[in-house]
Amino acid sequence: MTKALSTRLAHAGRTASVPGGQPVNPPVVRASTVLFESVAQQREMRARRDTERLFTYGARGNPTNFALEDMVTMLEGGHRTRLFPSGLAAAAMTILAYVRPGQHVLLPDCVYEPVRNLANGFLRQHGIGADFYAADGTDLDAKLRPETRLVYVEAPGSLVYEMCDLPALAARAHAHGALVAADNTWGSGLLYRPLALGADISLMAATKYLGGHSDVMMGTVCTTEAAWQPLAAMADAFGMTVSPDDAYLVQRGIRSLGARLAQHQAGALDVARWLLDRPEVAQVFCPALPHDPGHALWRRDCHGTNGLLSFTLRSPAPVAPERFVDSLRLFGIGASWGGFESLAVLADMRRARSVTDWAAHGTVIRLHIGLEAVPDLLADLDQAFAAIATLEPSNKDTSHAYHR
């Protein structure tokens, strides 16, 4: 019998039964050293661990981590998963696993800004070519090089949620001989499934919706069977591992992922529609809204939306976005998103984009709609609009960088 994904999430990742019954959640196994019955057994396990998942040493994982890997693999619909200490670590290891000095990676203009910084800094310094293509993928063919080995995708993109046609993009990349890696943090496996749409690798910042409680850092990478070995070898070479306590927290968070995302979506859509009717708002960015340029692709490829939306103000006063955010009382000012709390941050799109010119759009205000009552959030936004109603235009530039 085929079961819904939400049903499988409630039952996945359980350990084998032991005498006396089975716990609902797997126990936390804290271990560095692992003991063997004999030298022969240790030798055999070590000989097999590069191709099999075995409990041989803490840096190679443990039963708690393996349980979370199984849950993410099921969620993403892939072959196997590795865990990393942060979402950025997952992105960095993904690029380094598949691209060598002298080769080339293409990244979307909407990519998470620290990954942009990685490309412009570390990758270039170590002989790996990196260029950026339009967020919607329309100029991909012109940017592909003979040495391009990886096309990196983020859909919807950071900050203003541009969509791309991932199946078409993947087909073009594969025809060129390049693999496709997709940052699936927005989609979290429930809303978007890159591996089913043609990607070879799907990575997530489990810090966000998978954990769901703003108290754990982690990244995950899930691949197809054909793409698995380079990632596994790179992770082992760099000693990448995570705490079993953190793995337990993320696994516990995933159990409620479906219920939480449903409430985040309902709240975000209510807020987005309310903002569309506000005279102070110039533009609202959310692919679930019918006016959004990526709405048709969102309807085709996504299974809902989350708590993220962004907007710009009509006010000509450069201080207006900062004053607006500073006036909020329920929305916290802080990096990240995906937790139970509502957040607001400013984004300077001139720094976050290099292919598309955003100079005329002004500073973007990004909101994450948490699990608070929507009327309370709307009242908070309303009083923040009142706080900027009398601002006068000035020439002072208060643009801010973006941090996830």
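How much area is buried between domain 1 and domain 2, and what share of that area do carbon and sulfur atoms give? About 3,200 Å² is buried there, with 61% coming from carbon and sulfur atoms; buried area here is the accessible area (1.4 Å probe) that two parts lose on being put together, summed over both. Before going on, note that this is a predicted model, in which local features need pLDDT of at least 70 and side-chain atom pairs count only at pLDDT 80 or more, while totals for chains, interfaces and linings use all residues. Residues are numbered from 1 along each chain as its sequence is written, and side-chain values use heavy atoms, leaving out hydrogens and water.

Let us start with the two domains. Domain 1 covers 5–15 + 25–253 and domain 2 covers 256–387, with bounds that come from an automatic or database domain assignment. Their centres, taken over C-alpha atoms, are 27 Å apart. Across the boundary, 38 residues of domain 1 are in contact (heavy atoms within 4.5 Å) with 41 residues of domain 2. Leu 159, Tyr 161 and Tyr 209 supply 25% of the area that domain 1 buries against domain 2, more than any other three residues.

Two of these names come back when we turn to Ser 310, which sits in strand β9 (residues 308–313); strands (E, at least two residues) and helices (H or I, at least four) are DSSP runs, numbered from the N terminus. Ser 310 has 0% relative accessibility and so counts as buried, a term that means under 20% relative accessible area (1.4 Å probe, protein chains only). A polar atom of the Ser 310 side chain lies 2.6 Å from the backbone oxygen of Leu 159. The side chains of Ser 310 and Tyr 161 are joined by a polar contact of 3.0 Å, that is, a pair of N or O atoms within 3.5 Å, one able to donate a hydrogen and the other to accept it.

Next, look at helix α7 (residues 166–176), whose buried residues are Leu 166, Leu 169, Ala 170 and Ala 173. Seen down the axis of α7, they fall within an arc of 100°, so they line one face of the helix; the arc is that of the directions from the helix axis to the C-beta atoms. Their cover includes β3 (129–133), α6 (140–143), β4 (148–154) and β5 (179–183). Just after α7, Gly 177 takes a positive phi of about 90°.

Finally, find Lys 208 in the loop between β6 (201–205) and β7 (219–223). Its relative accessibility is 6%, so Lys 208 counts as buried. An unreviewed UniProt entry places the feature "modified residue: N6-(pyridoxal phosphate)lysine" at Lys 208, and such annotations may be inferred rather than shown by experiment.

Methods. Buried means under 20% relative accessible area, exposed over 50%, partly exposed in between (1.4 Å probe, protein chains only).
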